[in-house]
Amino acid sequence: MAGGHVHYLLGNHEYLVLRNDQRYLHPKYKHTVSFFNDNLTEQYSVQSVLCRWLRSKSTIIKLNDFIFLHGGIHEDFLNLNMTLESANQAFRDSISKSKKELKANPLWATLHGKTGPIWYRGYFRDEQLKDEAVAGVLRKLQASKVIVGHTSMPSIETRFDGKVIAIDSSIKRGKEGELLLWENNQFFRATLTGEKKPL
């Protein structure tokens, strides 16, 4: 589409790899790096072009009145009273810090914690979370929707009366998956077979 932009956002796995934590890394990435006569530690060191590029990226962005991020927004994040850009900078500052260093810093501990923007799964697993609470979060962010990945679903889904859109449709498994399309002020699901379906 003419005039479009690609926004690359960092999630929990990028932060793990950037601090050399390879626990959840799929073997295919290690295999790919071997073709460069390199290893992952060197590939993601501060000397690498890839790492410097990743360090410049955001974790949370707002486009129009939609918030995009990996995990989700919890009240713990709002209680930090940060702008999205200051949160992005705090995330950048935390890159390569050890788990011990993250836990010792209250700001980083919140950002990288279970209710932080890259790990939070409450939209899908917290049975006590109510629509009013999600609406309150969105009001504080002056947004109408939050669009997240992180928690795999069989297809793109909405929660909380359309306020949350879950876009991790398990495409990483290679057998299924969908894309979220925004066209004429309306969201659609795009399938791997090229169909366009209403959200």
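Trainee: What share of the protein's residues count as buried?

Mentor: Of the 199 residues, 40% count as buried, where buried means under 20% relative accessible area with a 1.4 Å probe and protein chains only. Please keep in mind that this is a predicted model, in which local features need pLDDT of at least 70 and side-chain atom pairs count only at pLDDT 80 or more, while totals for chains, interfaces and linings use all residues. Residues are numbered from 1 along each chain as its sequence is written, and side-chain values use heavy atoms, with hydrogens and water left out.

Trainee: How many helices and strands are there?

Mentor: The protein has 10 helices and 8 strands; these are DSSP runs numbered from the N terminus, with helices being H or I of at least four residues and strands E of at least two. The radius of gyration is 18 Å, close to the 16 Å from the globule rule for 199 residues, so the protein is as compact as a globular protein of that length. That radius is taken over C-alpha atoms, and the rule is 2.2 Å times the number of residues to the power 0.38.

Trainee: Which residues touch the most other members of the largest nonpolar core?

Mentor: They are Ile67, Ile73, Phe77, Tyr123, Leu141, Val146 and Val164, in a core of 33 residues. A nonpolar core is a set of buried Ala, Val, Leu, Ile, Met, Phe, Trp, Tyr and Cys residues joined through side-chain atoms within 4.5 Å. The largest share of this core, 4 residues, comes from helix H6, residues 84–94.

Trainee: And what does Phe77 touch?

Mentor: Leaving aside residues up to four places away in sequence, Phe77 touches Ile60, Leu84, Ala87, Leu111 and Pro117; contact means heavy atoms within 4.5 Å.

Trainee: Staying with H6, is Asn88 buried or exposed?

Mentor: Asn88, which lies in helix H6, is buried, with a relative accessible area of 2%. With residues up to four places away in sequence not counted, Asn88 touches Ser58, Thr59 and Ile60.

Trainee: A change of topic: which helix gives the most to the lining of the second largest pocket?

Mentor: Helix H7 does, with 3 residues. The lining has 13 residues, of which Arg19, Lys99, His112, Gly113 and Trp119 lie nearest the pocket's centre. A pocket is an open set of points on a 1 Å grid over the protein atoms alone, where a 1.4 Å probe fits, with protein on both sides within 12 Å along at least five of seven lines; lining residues have an atom within 4 Å of a point.

Terms used: Buried < 20%, exposed > 50% of the residue type's maximum accessible area, 1.4 Å probe, protein only.
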